[in-house]
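Could you walk me through this structure in my viewer, one selection at a time? I am new to it and would like to know where to click and what to look for.

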Amino acid sequence: MADIKKLTNEVGAPVADNEHSITAGPRGPVVMQDVWLMEKMAHFNREVIPERRMHAKGWGAYGKLKVTQDVSRLTKAKVLQPGAETELFLRFSTVAGERGAADCERDIRGVAVKFYTQEGNWDLVGNNTPTFFIRDVHNFSDLNRAVKRDPKTGRRSAQNNWDFWTLLPECHHQITITMSERGIPASFRNMNFYGEHTFSLYNQQNERVWCKFHFKTKQGIRCLTNEEAAAITAVDREYHGKDLYEAIERGEYPQWGMYLQIMTEEQARKHYENPFDITKVWPHKEFPLIEVGVLELNRNPENYFAEVEQSAFTPAHVVPGIGFSPDRFLQGRLFAYGDAQRYRLGVNHNHIPVNQAKVPVQEYHRDGAMRVDGNYGGTPAYSPNSAGYWTAQAEVAEPPMPLEGAMWRYDPKDDPTDDCFRAGGNLWRVMDERQRALLIHNTAADMAPVTRNVQYRHAVHCYLADPAYGTRLAEALGLRMATVEALARLDHQGLIQATLSGTME
Ligand code: HEM
């Protein structure tokens, strides 16, 4: 055990003085010979690593998933077999804000879970909303530029944000969620979270079903109003992180029930809209939740940087029994995360303890910056090899995925089954009066600095979702109803053309 009283330098040699520079004379300049001082300054200058491009502000905790039900008919994944208990690390985040952003901003919350399964790591990288704004990878970097800082002013811009959102009608449902009371959770413990995409599961017989993952809070949903959040942010920007940390320290371990929604391949073929479109929901009446087990958070990290900042999740990490789907948005994510992490943390980021699998890792990756383990010693670095090392395990191959149609740049809006406003309208219709009033209040407040044309565009989308929704928002924004109704009769391109000018009254 190290003696905690003794300071050493970076290679373990004793340090004689950590407060007084070596100077030439009592009033003279510092000398180069103060190598400990040089080391301290140089290390400090390199301590900031790139933040995540989005989801930069976050908090994490360890926990476990306990499977209480039997879903083995759907998946052979060992992590989802009856009675299985699997350790995990989970990171909550906001999306748009940088590393120092306040926790209680109106935003969606990221929820990334790394399950350390006995078949390797499975990462489920989701959000606290069941759907997403957009559905094509092409739009993703633009979405983030629109919600992040304006290139000229360096400030966040409601105008950019709403302009982009309203030019893509598929955003409407997610805007409705973000502007609803759920846009600012009271705590991470008081919100649900979702895998959002359609994934696949396959069982021992290699039979595939499509699947969505849901996690429902056992602490109850609680949210903050704009006014409550502003009051909190004025005194505490780390409010959600503190709440999570302190609850775990008190032994109040937050829990979420884990559920699946399942659609067969046959049902998917006949579904009334694209089941692989991340902006769409699968109605619970038709695809009821199937209970799986309980996810619990029960241990705080020992070191924020080592464990939370350096954690790295990717939807590309799945285990046998869990797979992808034709969701074009998911397909794009399969590349983006590992690529971002090779830049943010380095090529060997999977060796950082929080990211390491708990099972032996036997691959042929070698070398690279910061390779700090034994680099597989003298084992063969190529495959195939005659020494009999590490061959592929064909028995875990996924069943083939049937696809249809020619390769092309398809616009989902050309699909006659596509309805960008159904889900937002349905959400409006299940809200009670208090929730509707909050949604209108929050939307009008968020849109207050935005030009009239963009306000009209959103009011028209709301009107198309439900006339009462559009009418209430138009009233709150002081828009002319006759104009909203006239614009609502145009098609998508017509509406865009009619609302391009910022001088609209
Ligand atoms: C094509 C669409 C998307 C792309 C290209 C993308 C890309 C990224 C990238 C590059 C990061 C930073 C990763 C890192 O530096 O470690 C990130 C973080 C994150 N993304 Fe996405 N993303 C997409 C859509 C989504 C969606 C739909 C969800 C939710 C279902 C999501 C949830 C998250 C979460 C939770 C994080 C933070 C992970 C953490 O805590 O470390 N993203 N995303």
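This tour goes from the ligand to the salt bridges and then to the cysteines. Keep in mind along the way that the model is predicted.

**Stop 1**

**Stop 2: the shell around the ligand**

Now widen the selection to the residues around the ligand. There are 25 of them, and the closest are R52, R91, Y337, Q341 and R344. Sorted by class, this shell has 13 nonpolar, 7 polar and 5 charged residues.

- R52 has a polar side-chain atom 2.7 Å from an oxygen atom of the ligand.
- Q341 places an N or O atom of its side chain 3.0 Å from a ligand oxygen atom.
- R333 has a polar side-chain atom 3.3 Å from a nitrogen atom of the ligand.

Which elements give two or more residues to the shell? Select β3 (109–117), β4 (120–127) and α9 (328–344) to see them. Of the elements, α9 gives the most, with 7 residues.

**Stop 3**

Leave the ligand and turn to charged pairs. Side chains of opposite charge can pair when their charged atoms come close.

Select R156 and E105, whose side chains meet in a salt bridge at 3.5 Å, N to O. R156 lies in the loop between α2 (140–147) and α3 (158–167), while E105 lies in the loop between β2 (85–94) and β3, so this pair ties together parts that are 51 residues apart in sequence. R156 is partly exposed, with a relative accessible area of 34%. E105 counts as partly exposed too, at 22% relative accessibility.

**Stop 3**

Move on to K280 and D418, where the N to O distance of the salt bridge is 2.7 Å. K280 sits in the loop between α7 (265–270) and β9 (290–299), and D418 in the loop between α9 and α10 (422–430), so the pair ties together parts 138 residues apart in sequence. Are these two residues buried or exposed? Both K280 and D418 are buried.

For another pair, select K413 and D411, which form a salt bridge with their closest N and O atoms 3.6 Å apart. K413 counts as partly exposed at 29% relative accessibility, and D411 does as well at 32%.

**Stop 4: the cysteines**

Finish with the cysteine sulfur atoms. A disulfide is a covalent bond between the sulfur atoms of two cysteines. How many disulfides are counted here? The count comes to 0.

Select C211, which counts as buried at 0% relative accessibility. Then go to C420, which is in no disulfide; its nearest cysteine sulfur belongs to C171 and is 9.0 Å away. Because its relative accessibility is 12%, under the 20% cut-off, C420 counts as buried.

Terms used:
Residues numbered from 1 in each chain as written. Predicted model: local features only at pLDDT ≥ 70, side-chain atom pairs only at ≥ 80, totals over all residues. Heavy atoms only, no water. Near = heavy atom within 4 Å. Polar contact = N/O pair within 3.5 Å; in protein donor to acceptor, adjacent residues only side chain to side chain. Helix = DSSP H or I, 4+ residues; strand = E, 2+ residues; numbered from the N terminus. Nonpolar A, V, L, I, M, F, W, Y, C, P; charged D, E, K, R; others polar. Disulfide = S-S within 2.5 Å. Buried < 20%, exposed > 50% of the residue type's maximum accessible area, 1.4 Å probe, protein only. Salt bridge = Lys/Arg side-chain N within 4 Å of Asp/Glu carboxyl O.
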